[in-house]
Amino acid sequence: MLTKRQNLLETIKGGNPDRFVKQYEFMNLIMEAPIGAMCGPGQTIKNGWGITFTWPEGQLGGFPIHDDAHKVLKDITDWRSQVKAPAVETSDEAWAAAVAHANAVDRNEEFVTAFVAPGIFEMTHHLMSMEDALMALYEEPEAMHDLIDYLVEYELAYAKEMVSRLHPDCIFHHDDWGSQRSSFVSPEMFEEFFVPAYKKIYGFYKDNGVELIVHHSDSYAANLVPAMIEMGIDIWQGVMTTNNVPELIKKYGGQISFMGDIDSGVIDFPGWTPEIVFEKTKEACERCGKLYFIPGASHGLNFGCFPGVYESNDEAIDKMSALMF
Amino acid sequence: MSKIEEVKAKVEAGKSKLVPVLVQEALDEGSAPAEILQAMVDSMGVVGDKFSSGEIFVPEMLIAAKAMSKGVEVLKPLMAGDGSASLGTCVIGTVAGDLHDIGKNLVSMMIESAGFDMVDLGVDVPADTFVQAVKDNANVKLVACSGLLTTTMPALKEAVQTIKTAYPDLKVIVGGAPVTPEYATEVGADGYAPDAGSAAVKAKELVTA
């Protein structure tokens with residue numbers, strides 16, 4: 001039996017996996033790294049950039065607040081005086097828990113995986129709201145290029161520190177690039193503003209010992225797959241059924257792999273049942289096949305929103321492995 | 001190209017500095033304000049269709065709507081009190097417990113561009129607040145409720161049913177990622193739209209039927 005790591009590599013390299021990769025099993029996620037304040041259920045926080053997030057009790061995630069009192073960037077042309085990056089943590093103490101976790105991982109079995117969020121596109125709209133950020137791409141392109149460069153430089157400074165301490169094998173990087181029906185921006189605009197940014201970021205990781213780039217965008221983004229390949233993404237996690245994943249695998253398998261094809265909304269909801277989870281998992285496995293595909297919910301971390309869903313999905317994948325391998 | 005045709009083309013292209021100038025020039029040439037407004041509404045209809053078909057994306061829709069609103073600013077003083085240009089008032093909001101605002105804002109913008117006066121209640125809106133807004137505002141013809149989370153679908157249902165109980169003849173349209181046409185029917189909504197462009201078409205259809 002292949003290790004989780006070996007089985008993943010066989011799957012994404014078109015070899016001979018002996019079972020389906022089971023969701024996030026190949027990633028041992030190091031969540032202790034000092035990447036900045038994250039909002040938890042029922043909390044309202046202000047992060048190091050000054051962005052205020054709130055997460056209503058009983059709901060599924062946090063949201064940046066963009067009323068006049070809270071919006072960090074009110075005028076893109078004046079971003080230099082309004083946006084101040086926080087300092088990257090460089091003390092041994094701040095990194096100790098993450099380093100201990102990374103050192104405890106058996107790298108033959110799993111990938112030591114650093115988690116990075118939010119992404120560059122998300123940062124632009126967290127700072128100034130989605131509407132302002134998207135309009136600025138048209139109305140103030142030079143300022144947006146400069147702001148994006150600044151965000152990239154910050155991430156590279158963090159990446160340098162993180163890589164030197166954790167030596168990750170894999171990066172799991174969030175940046176949502178679309179709704180469930182379309183990408184937020186056109187492929188041309190994406191190519192102009194975000195591809196160069198990610199070529200720098202993912203290029204740095206690859207040049208510094210990272211073997212695998214897994215990018216999360218639980219959305220439609222089929223029109224951005226050529227750009228993802230150009231950026232150096234190995235696995236697109238969160239691919240929703242609206243993307244026609246079997247077609248993507250046929251077209252791009254071997255250059256990039258796809259993780260998802262089970263929309264979280266249809267299995268991870270208050271009335272979920274193991275039968276629903278199995279039905280959706282079976283459909284995904286049968287239509288996508290054994291190579292360049294990792295079945296799993298589109299959700300961007302290794303747990304479900306409702307207790308038992310993630311585990312039920314794992315069981316469903318085990319059943320499909322028994323049936324198809 | 002006539003001045004009105006130019007207005008249409010520049011709204012579609014999102015030229016927010018140029019559109020008010022062209023609108024003024026069209027007025028100076030003798031075009032009626034209502035005619036110019038209709039041209040811009042038609043233009044936004046094209047923008048909505050192109051968005052629905054995937055030909056354009058959110059930024060293009062945003063800059064087109066901004067261009068139209070700049071044109072409307074020129075027309076507004078000339079059309080004050082002219083109710084004939086409006087399709088009525090639309091109350092819009094994201095339902096209780098849900099803080100998603102992007103989709104709701106896009107829908108609001110496109111429905112406004114179709115000729116409605118908008119009352120935007122924001123996010124996390126309790127069912128009773130929708131009803132109160134209908135009561136507090138004149139000529140409300142439509143309520144649009146958005147829900148983006150599987151966990152807030154019960155709140156969407158409650159909102160629709162509360163509005164329909166208070167105002168059985170008022171049209172209610174719903175949307176959001178987990179919402180399907182079947183679910184819309186199940187909760188008693190009159191209409192459903194999968195995206196902002198289609199929402200404007202559906203809104204108009206509901207109140208003019």
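Visitor: What should I know about the model and its numbering before I start?

Guide: The model is predicted, so local features need pLDDT of at least 70 and side-chain atom pairs count only at pLDDT 80 or more, while totals for chains, interfaces and linings use all residues. Residues are numbered from 1 along each chain as its sequence is written, and chains are lettered from A and ligands numbered from 1 in the order in which they are written.

Visitor: How many helices and strands does the secondary structure of chain A come to?

Guide: Helices (H or I, at least four residues) and strands (E, at least two) are DSSP runs, numbered from the N terminus. Chain A has 13 helices and ten strands, and along the principal axes its C-alpha atoms fill a box of roughly 60 × 40 × 40 Å.

Visitor: In what order do the strands of the open sheet of chain A lie?

Guide: Strands of a sheet pair through backbone hydrogen bonds, either parallel or antiparallel. Two strands count as paired here if DSSP finds at least two bridges between them. In chain A, seven strands form an open sheet in the order 1-5-6-7-8-9-10, with parallel pairing. Strand 1 (27-30) and strand 10 (293-297) of chain A stand at the edges with a single partner strand each, so one side of each has no neighbour in the sheet. Within chain A, strand 7 (residues 212-216) and strand 8 (residues 235-239) run parallel and are joined by three bridges; A:His216 has A:Gln237 in strand 8 of chain A as its bridge partner.

Visitor: At what angle do helix 6 and helix 8 of chain A pack?

Guide: Axes are lines fitted to C-alpha atoms, for helices over the stretch in contact, and angles run from 0 to 180 degrees between N-to-C directions. Helix 6 (residues 141-166) and helix 8 (residues 195-207) of chain A pack at about 10 degrees, with their axes 10 Å apart. These two helices of chain A are therefore roughly parallel to each other, a label for angles under 35 degrees.

Visitor: Into which domains is chain B divided?

Guide: Domain bounds come from an automatic or database domain assignment, and chain B is divided into domain 1 (3-84) and domain 2 (86-208). The contact takes eleven residues from domain 1 of chain B and 13 residues from domain 2 of chain B, where contact requires C-beta atoms, placed from the backbone, to lie within 7 Å. The largest share of the side of domain 1 of chain B that touches domain 2 of chain B, six residues, comes from helix 3 of chain B.

Technical notes
Contact = placed C-beta atoms within 7 Å. Parallel < 35°, antiparallel > 145°, perpendicular 65-115°, else oblique.
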